[in-house]
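Trainee: Please take a close look at the aromatic rings in this model, and at the charges placed over them.

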Amino acid sequence: MEQRLEALNEHLTRVIDLRRATSVLDWDQEVYMPEEGAEPRSQAQATLTTMAHEIFTSDTTRSLLEAAEAEVNDLDFDSDEASTVRVVRRYFDQETKLPTAFVTRESKAISRSFMAWRKAREADDFSAFEPHLREVVKLQVEKAGYLGYTDHPYDALLQQFEPGITTAQIETLFSDLKAGLVPLVKDIAARPSVDDSFLSLSYDTQKQWDFTLILLRGIGYDFRRGRQDRAAHPFTTQFGNTDVRVTTRTHETMPQSAIFSTVHEGGHALYELGSPDKFERTLLAGGSTLGLHESQSRLWENQVARSLPFWHYYYPILQAFFPQQLGDVSLTTFHRAVNKVEPSLIRVEADEVTYNLHIFVRFELEKSLLTGELKVSDVPEAWNALYEEYLGITPPSDADGCLQDVHWSHGILGYFPTYTLGNLMSAQIYARALEENPGLEEGYSRGEYAPLLSWLRERIHKHGSKFTGPELMQREFGTQISAQPLLAYLRAKYSELYGL
Ligand code: ZN
């Protein structure tokens with residue numbers, strides 16, 4: 001056993017425990033904390049976060065890390081030991097490259113900008129957010145400088161969220177995807193529109209909730225190792241692989257929102273629950289990059305829960321909950337309705353065909369903001385022009401346009417592409433799952449999801465966060481991330497649904 005590595009891991013358990021405690025506070029803040037609880041909560045969070053940061057970036061960590069690096073030098077890249085050291089090094093560099101004074105400045109600017117964004121969005125007034133966005137962009141350019149890059153400042157920011165992928169690679173992937181998506185959206189638009197009016201009837205929210213619990217159990221979520229609560233913006237959080245919690249929201253006149261958001265978060269949770277015990281309390285514990293995480297949530301949400309076999313099993317159960325609303329609606333009609341494709345203004349409500357077009361818009365704008373080609377004052381105009389170009393619609397307001405997402409107000413640039421990378425990988429992974437498991441989808445009609453889950457455990461989850469997206473795709477599937485599998489999946493599915 002590598003003693004120096006052991007010492008490093010032991011030292012970092014304190015960081016991990018502090019972060020887990022912070023996550024409990026974050027979870028409680030989103031789920032149960034009373035309105036007036038914000039101040040003492042943010043003080044407690046700041047204390048824990050600072051403690052974790054101080055231990056992680058300390059000279060002790062540095063010397064233990066260097067010693068461990070020397071020790072694992074000759075080990076295989078894929079070994080748990082070399083991977084631990086590699087992952088610790090990546091985070092250590094990220095956290096120590098930013099001067100403390102910058103981090104303080106950034107966090108102050110972000111809390112101001114977040115408050116300004118909320119008001120600006122409410123008042124549909126971009127000019128109230130503009131100076132803050134200018135500050136955010138300036139800080140992100142500065143941050144890219146500290147983190148370092150060779151080609152594009154975007155690379156530096158992207159690495160924080162999706163290590164191992166460059167801006168140039170994303171440009172290629174996106175242009176391949178765009179080339180296939182644009183004609184598909186046009187073909188679908190030329191077909192008669194799908195009737196989904198019955199989804200706007202009133203659906204008791206308690207019954208919706210009860211149905212989501214059935215779904216979670218059905219896909220293999222273990223309630224002895226987790227729980228579901230309500231949150232305005234659904235998320236998943238974990239305090240170890242034996243306590244992974246999900247949240248969902250219910251809208252009375254939009255039952256599909258709770259259904260698919262529950263399965264989406266359930267997909268994230270299954271990934272975390274599948275992280276091996278041997279990685280517990282090390283930095284290899286839990287799911288890997290944002291893109292890989294999203295590949296798991298999207299796979300369950302789209303490829304599985306929007307499929308016809310899935311609803312063969314679950315639709316009669318849903319109908320029993322809502323006989324008045326759905327008693328006369330056939331399975332085929334329901335399945336078509338939850339797969340309706342329509343260019344829309346809001347990213348988080350977009351269907352799986354048009355979703356990535358929303359991401360292209362943000363990626364283009366972020367890149368040109370960082371290089372200064374696009375001025376912050378011109379963002380609304382540029383946003384609207386790209387929506388017209390990609391989706392054929394123009395936002396009637398900035399609230400439903402460039403002010404809709406929280407990310408920029410939080411100082412987060414370089415994050416959006418991870419959603420599309422997740423979609424691409426989900427299609428690649430799922431195509432392989434079908435190839436290797438004939439009869440997989442047939443099982444869905446009988447409520448059998450364990451075969452898919454064990455396959456995902458074996459091919460994806462067992463790696464914890466050892467590998468980046470490209471590393472994992474190469475090792476498990478001998479392939480690179482590419483756009484074709486997603487395009488093939490969408491083309492086949494929607495040709496059938498829309499009779500293309
Ligand atoms: Zn997600």
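Mentor: Start with Arg90, whose charged end sits over the ring of Tyr91, 6.0 Å from the ring centre. A charge counts as over a ring if NZ of Lys or CZ of Arg is within 6 Å of the ring centre and within 35 degrees of the ring normal. Arg336 is likewise placed over the face of Tyr498, 6.0 Å from the centre of that ring. The model is predicted, so local features need pLDDT of at least 70 and side-chain atom pairs count only at pLDDT 80 or more, while totals for chains, interfaces and linings use all residues. Residues are numbered from 1 along each chain as its sequence is written, and side-chain values use heavy atoms, without hydrogens and water.

Now the rings themselves. There are 31 aromatic pairs in the structure, meaning rings of Phe, Tyr or Trp (its six-membered ring) with centres within 6.5 Å; planes under 30 degrees apart are stacked, over 60 edge-to-face, the rest tilted. Phe56 and Phe92 form one of them: the centres are 6.1 Å apart and the planes stand at 70 degrees, so this pair is edge-to-face. Phe56 is buried at 0% relative accessible area, and Phe92 is buried at 0% (buried is under 20%, exposed over 50%, partly exposed in between, with a 1.4 Å probe and protein chains only).

Tyr315 and Phe334 have ring centres 4.5 Å apart and planes at 25 degrees, so they are stacked. This pair links helix 12, which holds Tyr315, to helix 14, which holds Phe334, 19 residues apart. Tyr315 is buried at 2% relative accessibility, and Phe334 is buried with a relative accessible area of 2%.

Key
Helix = DSSP H or I, 4+ residues; strand = E, 2+ residues; numbered from the N terminus.
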